[in-house]
Amino acid sequence: MSREVGQLRWHGLLVNGALLALSVVSLAPLLWMVAVSFMPAGEASRFPPPLLPSQASFDSYREMFARTGMARNFANSLLVSSAITLGSLLFNTLAGYAFAKLRFTGRERVFQLLLAALVIPAQVAMLPLFLMMKQLGLVNSYGGVVAPALASVFGIFLVRQYARSIPDELLEAARIDGAGEWRIFFRIVLPMLKPVLVTLAIFTFMAAWNDFMWPLIVLIDQEHYTLPVALASLSREHIMDVEMMMAGAVVTVLPVLLLFLVLQRYYIQGLLLGSVKG
C-alpha cells in the first residue's frame, strides 16, 4: 500500500514539475519583455543580453509617449475595441436568440450557410471587404474597422448554443400572458444569457484589441492607427531602440492580459456552460 502511495506521489511530482517547466518556458519571453522595457537605453543590445535591468528606468515609456503619439493610439484601440464589443453583443445576441428560439422559413439552411463560412480563411474576404468599405467611404476611418466586426459567425453560434438551453415552456408562458417578443427578450432571455454574454464580450474585446491585419489594411493616417499597427510602425522607425519597442509591447499586451486575468472565471464558465447546455 505504501509503495502505491509513493508511486502516486512521484507521479504527481513529475506531472507538476513538467507543468511548471512548461509555464516557465511560456512566460519567459513575456517576463523578459517587461524587464527590457525598464532597462536604460542600449542595455538590451549588449551580448549576452542581460536578464534584468541594471537600474530600473521609466525613460523608455516617457520617451515613447512623448515622441510617438502612443497615447493617441491607445485611445484609438480603446474606442474601436469598445465599439466592436458593444455592437457584437447587440447583433450576435439578437441573431443567436433568433436562430435558437424563433421559427422562420429557412432558419436551419441559413444557419448551415453561416457555419460553412467558418471554413473560409478571413484573408480571402479582405479584398472584397476593403472594396465594400471603399464604396461606403469608410476607408481610413474608425467605422471601417468597426463595421465588419459587428457580427461574427462564432458569436452567433456561441449565443445560439447557450440560448437553446432556455426552456420553451417559459417563453410560451410569457407569450400566453401577453408579453411581446421584445419584452420577452429583454426581460426573460437577456438575464439568462448573462454568462455567455460575458464570455463573448471578453473574447470580442481581446480579438479586437489584438487585431492587426484589418486595421493595417483599412487605416492610412497614423493618427487613426490602433496599438498593434502603431507598434509595427514603431519597430520600423526605432528598430535599434529595443527598450522603447518592448515598452510599446508592454502597453499593448498589458490591458488585455489584466482583463483576462480579472474575468477569466466568467470566461471559462461561459464556455463550459455553452458547451454542456448546447
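Helices (H or I, at least four residues) and strands (E, at least two) are DSSP runs, numbered from the N terminus. The model is predicted: local features need pLDDT of at least 70, side-chain atom pairs count only at pLDDT 80 or more, and totals for chains, interfaces and linings use all residues. Residues are numbered from 1 along each chain as its sequence is written, and side-chain values use heavy atoms, with hydrogens and water left out.

**View 1. N140 sits in a loop and has a positive phi.** Look for N140 in the loop between helix 5 and helix 6 (142-146). Its phi is near 60°, a positive value in a residue other than glycine. Most residues other than glycine have a negative phi. Is N140 buried or exposed? At 17% relative accessibility, N140 counts as buried (buried means under 20% relative accessible area, exposed over 50%, partly exposed in between, with a 1.4 Å probe and protein chains only).

**View 2. The largest pocket.** About 960 Å³ of space lies in this pocket. A pocket is found on a 1 Å grid over the protein atoms alone, as an open set of points where a 1.4 Å probe fits, with protein on both sides within 12 Å along at least five of seven lines; lining residues have an atom within 4 Å of a point. Grid points are joined across faces, edges and corners, and the volume is the space filled by probe spheres set on the points. Of the 31 lining residues, the closest to the pocket centre are A122, P148, A149, A151 and S152. Which helix gives the largest share of the lining? That is helix 10, with five residues. By class, the lining has 26 nonpolar, four polar and one charged residues. Here Ala, Val, Leu, Ile, Met, Phe, Trp, Tyr, Cys and Pro count as nonpolar, Asp, Glu, Lys and Arg as charged, and the others, Gly among them, as polar.

**View 3. N92 and its neighbours.** N92 is found in helix 3 and, at 0% relative accessibility, counts as buried. A polar contact of 2.5 Å joins its side chain to that of S88 (a polar contact is a pair of N or O atoms within 3.5 Å; within protein, one must be able to donate a hydrogen and the other to accept it, and residues adjacent in sequence count only if both atoms are side-chain atoms). The N92 side chain also reaches the backbone nitrogen of S152 at 3.1 Å. Not counting residues up to four places away in sequence, N92 touches residues including L150, G155 and L200 (contact means heavy atoms within 4.5 Å).

**View 4. The largest nonpolar core.** A nonpolar core is a set of buried Ala, Val, Leu, Ile, Met, Phe, Trp, Tyr and Cys residues joined through side-chain atoms within 4.5 Å. This one has 34 residues, and M64 and W214 are among those that touch the most other members. Helix 13 (residues 242-277) gives the largest share, nine residues. Apart from this core lies another, of 16 residues, among them Y97 and I166.

**View 5. R62 on helix 2.** Find R62 in helix 2 (residues 59-67). R62 is exposed, with a relative accessible area of 53%. Its side chain and that of D59 are joined by a polar contact of 2.4 Å.

**View 6. R107 on helix 4.** R107 has its place in helix 4 (residues 107-116).
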